[in-house]
Amino acid sequence: MFGAVVEIIFLTIFLLFAPPRMRIRTAILVIVLDVGFPAAAILFTHFALHGNTRIDIAGLFCVAFSMVAYASPLSAMKTVVLTKSVEYMPFLLSLILFLNGGVWTVYALLAKDLFVGLPNGTGFFLGNIQLVLYAIYWKPKSSRQVEDNLEDQQKTEPLIESSNQSDQ
């Protein structure tokens, strides 16, 4: 419940200060992904499935989305390797990912719970890789050097189009 409240507060603040076009896109994504999809999943598991099948399918949904959440830093890891700088990968996020995945993996092993162990074991592994990348590329470069490295390798692509690019 706490996570839902924090997300609602964050999204509200973001929507208040976002440019109008981004505000509309974000609102649509919130409605579809944060309201529509969970509602459909709940209705499907409640009315179409029964007994242990319902529990297994709900558990698989949770495993899949937990793994997606743990895999989200992969793009930052790619940027670290390409630029040879950890400037764009926050250390605390990597450390917490590692610690959280490790603690829940130990719990899953003790409880013999695959639904908890699989995504958190993956998160623990990815957190390990991120910390190894920090150890290898710990000396940050200036922003200009990072931009030059990206331009040299023709790997730049904006995550979110600016309003000037989308109008052209």
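This briefing walks through the main features of the structure shown above, topic by topic. The model is a predicted one. It has 8 helices and 0 strands, and 23% of its 168 residues count as buried.

**The overall picture**

- Take the contacts between residues at least 6 apart in sequence: 67% of them join residues at least 24 apart.
- The accessible surface of the protein is about 12000 Å², and carbon and sulfur atoms account for 71% of that surface.

**Regions marked in the UniProt record**

- An unreviewed UniProt entry carries the annotation "transmembrane region" for residues 27-49, 55-76, 88-110 and 116-137.
- In the model, the stretch 55-76 is 91% helix and 0% strand, with 34 Å between the C-alpha atoms at its ends.
- The stretch 116-137 is 95% helix and 0% strand, and its end C-alpha atoms lie 32 Å apart.

**The largest nonpolar core**

- Which residues make up the largest nonpolar core? There are 8 of them: Ala-76, Met-77, Val-80, Val-86, Met-89, Leu-133, Tyr-134 and Tyr-137.
- At least two residues of this core come from each of helix 4 (74-83) and helix 6 (114-136).
- Helix 4 provides the largest share of the core, with 3 residues.

**The largest pocket**

- The largest pocket holds about 860 Å³ of space.
- Its lining is made of 27 residues, and those nearest the pocket centre are Glu-7, Leu-29, Val-30, Leu-33 and Asp-34.
- Helix 1 (2-17), helix 2 and helix 3 (51-71) are the elements that give two or more residues to this lining.
- Which helix gives the most to the lining? Helix 2 does, with 12 residues.

**A buried threonine**

- Thr-26 sits in helix 2, which spans residues 20-48.
- Is Thr-26 buried or exposed? Thr-26 counts as buried because its relative accessible area is 16%, and the cut-off for buried is under 20%.
- Setting aside residues up to four places away in sequence, Thr-26 touches Leu-11, Phe-14 and Leu-15.

**Two lysines with positive phi**

- Lys-84 lies in the loop between helix 4 and helix 5 (91-111). Its phi is near 55°, a positive value in a residue other than glycine.
- Lys-84 has a relative accessibility of 47%, so it counts as partly exposed.
- Lys-112 belongs to the loop between helix 5 and helix 6. Lys-112 is not a glycine either, yet its phi is positive, at about 55°.
- Why does Lys-112 count as exposed? Its relative accessibility is 76%, and exposed means over 50%.

Technical notes:
Residues numbered from 1 in each chain as written. Predicted model: local features only at pLDDT ≥ 70, side-chain atom pairs only at ≥ 80, totals over all residues. Heavy atoms only, no water. Helix = DSSP H or I, 4+ residues; strand = E, 2+ residues; numbered from the N terminus. Buried < 20%, exposed > 50% of the residue type's maximum accessible area, 1.4 Å probe, protein only. Contact = heavy atoms within 4.5 Å. Areas by Shrake-Rupley, 256 points an atom, 1.4 Å probe, with all protein chains shown as cover. Core = buried A, V, L, I, M, F, W, Y, C linked by side-chain atoms within 4.5 Å. UniProt positions renumbered as here; feature names shortened; annotations may be inferred. 1 Å grid on protein atoms, 1.4 Å probe; cavity = no way out; pocket = protein on both sides within 12 Å on 5 of 7 lines; lining within 4 Å. Points joined across faces, edges and corners; volume = space filled by probe spheres on them.
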